[in-house]
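Dear colleague,

Please find the structure below, handed over for your further work. My notes on it follow.

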Amino acid sequence: MKNYDKLIFELSVEGRTGFSLPDNRWEHRLPEIPEVLCRRSESGLPQVSEPDVVRHYTNLSSMNFGVDTGFYPLGSCTMKYNPKINEETASLPGFTSVHPLQPEETMQGTLQVCHELEKALCAVTGMAAFTLCPFAGAHGELTGLMIMRQYHMSRNDMKRTKVIVPDSAHGTNPASAAVCGLRVVQVRSTPDGTIDVEDLKPLLDDTVAGIMMTNPNTLGLFETEISRIADLVHGCGGLLYYDGANMNPLLGKVRPGDMGFDIMHLNLHKTFSTPHGGGGPGSGPVGVSAALWDYLPYPKVTADGDGKYHLMSGSHTAGRVSGFMGNFSVMVKALTYIMMLGNKNIRMAGPLAALNANYVKESLKDCYRLPIDRVCKHEFVFDGLADTSSGITALEIAKRLLDYGFHAPTIYFPLLFHQAIMIEPTETESKDTLDAFIEAMRNIAREAVSEPDILHDAPHGTPVRRSDETLAATRPVLRYRQVE
Amino acid sequence: MGFSYFPHTDEDIREMLKKIGAGSLDDLYSDVPEEFIFKGEFDLPEPMSEMEVRRKFSGMAGRNRSLTVFCGCGAYDHYSPAVIQYLISRSEFQTAYTPYQAEVSQGTLRYIFEYQSMITMLTGLDCSNASMYDGATAAAEAMMMALACTKKKSRVLLSSTLLPQVLEVVGTYARYHGIDIGHVQMSDGVTSLEDLQRQLAADDVAGVLVPSLNRYGIIENLEGFADAVHAHKGLLMTYSDPSALAVIRTPGEWGADIACGDCQSLGMPLSAGGPYAGYLACRQDYVRKMPGRIVGETVDRDGRRSYVLTLQAREQHIRREKATSNICSNQSLMALYATIYLSLLGRDGLRQVNALSYGGAHYLYDRLLSTGLFSPVFDKPFLKEFVLDTVIPAERLQQHLCDNGFFAALATDDGHVSFCVTEKRTREEIDSLVDCISNMA
């Protein structure tokens, strides 16, 4: 429907129903509940028919752009293709009908999925064990930091409350540290975007709990000094945390465990192809080295020698971080993906992601400013147009891309460059798609000079145009209110 | 090549490497120290065809026993209308990212706005965020929010009648965040107002979290709680089952400042514990301390109504270590799940779900007592869940029921057995559960 502009509440008509439930033939009725405990006001929930609901949400879906709609080069987000077999295995009634508190012996299939996924994640990362409880990347970071603190605290090393975070890090890193009660200290980047080891050295003392790093870093560059950094941090008694947001180019090629990382998280919704769902549900498993196994949160799935699976807790556990055992159906999807790839194809995932990123970078660096001209991994960052005379911003470029039928890249992150445009193509995009994107980016660079107004006003063909964000924040309307 | 998720032909790779000026894919890793290039074999099977994968997962799913669920304890076997799975599977919803680019994310932004609206309708509070991971983590966020809203206080009180997993998760967050946790005693199955008042006297309490529907299934009477907490400048927080809020007194009506809970009871599949979605709602005064995404209404350049992520100055990508929380994503697709569920059920349907659950649960309660094998624990009103004491050893009882296809009589850590009945349970199922128990004696 063209220009669809309804909220579900605006379709509501007294007397309509969208449900079909059995008649109430029970003897006991709700009015038995003492009045003081009963709801007094009407809820105001809508009254709509089933076809109304289906058409409304189908119309809403048509106002969205997903990976299945088109190329989604959102940097740091790994918007790869989400295979459909994943959805099918995750929806098997044998999995979806399991109550989380059922006895272990009645949910052996569920526990087997968890165990096999854990083993597979260990294989590709070089870690010794994983907890699957964390619900998302940021939740994984927090869980990993809890494990880090628990490790120091259980050794009676109470003064270790400082965590070192690169200035290029994603905002969740310092925020997770703060939630975990840690003090954040920034380490600078060198002009080529990697951690400045000379700036790191004076920060290292006996109050350091650890350092949080991505590798490749936020600029898509491999931290070539990782061995020295690991030695320095370990040398002062700290631990190395690996933020798995950028794991994709290493998949099948390099393992964080081999680089000296003690704790890491993965984003199953990035590296392991489970859909992002418009912002979740994701899953953020946390892996640890053998020495930290005992600190993992519970419940933890283990296997005994007879092929039976159990739930247990380590004696120094960091505690419970999720109501039950995490986003199970996301785990089914990730394991399905790994089984489809297998030992052979998983080796190609990282290299093809790096190939696509480098190809786009090399094809556009004459018209967009490339601040660091090095081989990149899964992504890279432009700092606006090469020809800055038009004054066109990263935002305008991003919005214009929507008109060309592409999702925008990540913009204004990392904070190291004023006009950051962060592009991550992933391995599931074909050369044809990348060539079309390159063509669009080159057109935009030309438009910036020849007809800049078209960029100032972009986008033009989207369901809505640029929105007034200041109005939204200064006079917040956060829920539907019926017009009187 | 020939793997279905990778579109590259050998010719593509050759041409792309040429453009890059690299001789091989390995050259793209020339900056990685040689010792870190993995040269071994991954301990993974060889690739499987889609047929083989389907067979493998069907086999694993088949290892789970199919049980008729008579337990709740934080995960409820409510009915899920067919429409929901059908709609949330639309890939425009499923394969989108967080709606940063509002112009091409109005679908996601609108349903989150609807979700927020519905949560405020259910809770009777002013504002909701775009959803949290689950109920337990929503409670932990509520605790940290209470601390941020009340200056110079470092203590939070939790009712002992909250679900055990909620107490444990909140306890974990508190331990690392440096929050002093106190527990309010239980008195005859409900939170003791007397004990609460005693603990508030020190004036160091930032917030108090109590359940509306507690771990024993009892509907708590929170009369006087808000006044007691507010008199000491703290915030009252409730942990409330959103499904039940169609019929029981709302957090807003009790005078609560913050409400949290798990949207799982809105028809979400049990799925061994997730994905579900937590909700978090609050009074207008506290919205700028709210964690997570919030969607607001505005207009676009042409004056058309549009929706955007808003009040972002609270969030980690702007505030970094000073953010209200580290939370980044929400459980967006599960918020859509809840929204479609509530759209279909609407005002009357959600009441009907509660009426059927109530009727069935009280029928089971009466029948169990009439066997003579059970005795009441608390004499308090309950909705769909209750605990009893039994002369049968709890472990033997549960085992026997599992062997006969029931998941029921879950032993609680304080020595009772717990039962739950939703609208999905028929009279025949309840009768056969009771017969199965009677046959044991």
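In chain A, the centres of domain 1 and domain 3 are separated by 45 Å, taken over C-alpha atoms. The domain assignment of chain A gives domain 1 (3-61), domain 2 (84-340) and domain 3 (349-471); such bounds come from an automatic or database domain assignment. This is a predicted model, in which local features need pLDDT of at least 70 and side-chain atom pairs count only at pLDDT 80 or more, while totals for chains, interfaces and linings use all residues. Residues are numbered from 1 along each chain as its sequence is written, and chains are lettered from A and ligands numbered from 1 in the order in which they are written.

Chain A overall

The secondary structure of chain A comprises 13 helices and 12 strands; helices (H or I, at least four residues) and strands (E, at least two) are DSSP runs numbered from the N terminus. The C-alpha atoms of chain A fill a box of roughly 75 × 65 × 45 Å along the principal axes. Of the 484 residues in chain A, 59% are buried, a residue being buried if 20 or more other C-beta atoms, placed from the backbone, lie within 10 Å of its own. Among the contacts in chain A with a separation of 6 or more, 71% join residues 24 or more positions apart; two residues are in contact if their C-beta atoms, placed from the backbone, lie within 7 Å.

The interface between the chains

In total, 168 residues of chain B are in contact with 167 residues of chain A. Helix 12 (residues 332-370) of chain B supplies the largest share of the chain B side, 23 residues. That side of chain B divides into 79 nonpolar, 54 polar and 35 charged residues; Ala, Val, Leu, Ile, Met, Phe, Trp, Tyr, Cys and Pro count as nonpolar, Asp, Glu, Lys and Arg as charged, and the others, Gly among them, as polar.

Domains of chain B

Chain B is assigned domain 1 (68-78 + 346-438) and domain 2 (82-341). The centres of these two domains of chain B are separated by 28 Å, taken over C-alpha atoms. Their contact takes 21 residues from domain 1 of chain B and 23 residues from domain 2 of chain B.

The sheet of chain B

An open sheet of 7 strands in chain B has the order 2-10-9-8-7-3-4, with mixed pairing; two strands pair if DSSP finds at least two bridges between them. Its edge strands are strand 2 (127-128) and strand 4 (180-184) of chain B, each of which pairs on one side only.

Strand 8 (residues 235-239) of chain B is mostly covered, with 5 of its 5 residues buried. B:L235, B:M237 and B:Y239 point one way from strand 8 of chain B, and B:L236 and B:T238 point the other way. In a regular strand the side chains alternate between the two faces of the sheet. Strand 8 of chain B pairs in the parallel sense with strand 7 (residues 205-211) of chain B over 5 bridges, and with strand 9 (residues 258-262) of chain B over 3 bridges. B:P211 stands opposite B:Y239, and B:T238 has B:A259 of strand 9 of chain B as its bridge partner.

Yours sincerely

Terms used. A residue is buried if 20 or more other C-beta atoms lie within 10 Å of its own, exposed if 12 or fewer, and partly exposed in between; C-beta atoms are placed from the backbone.
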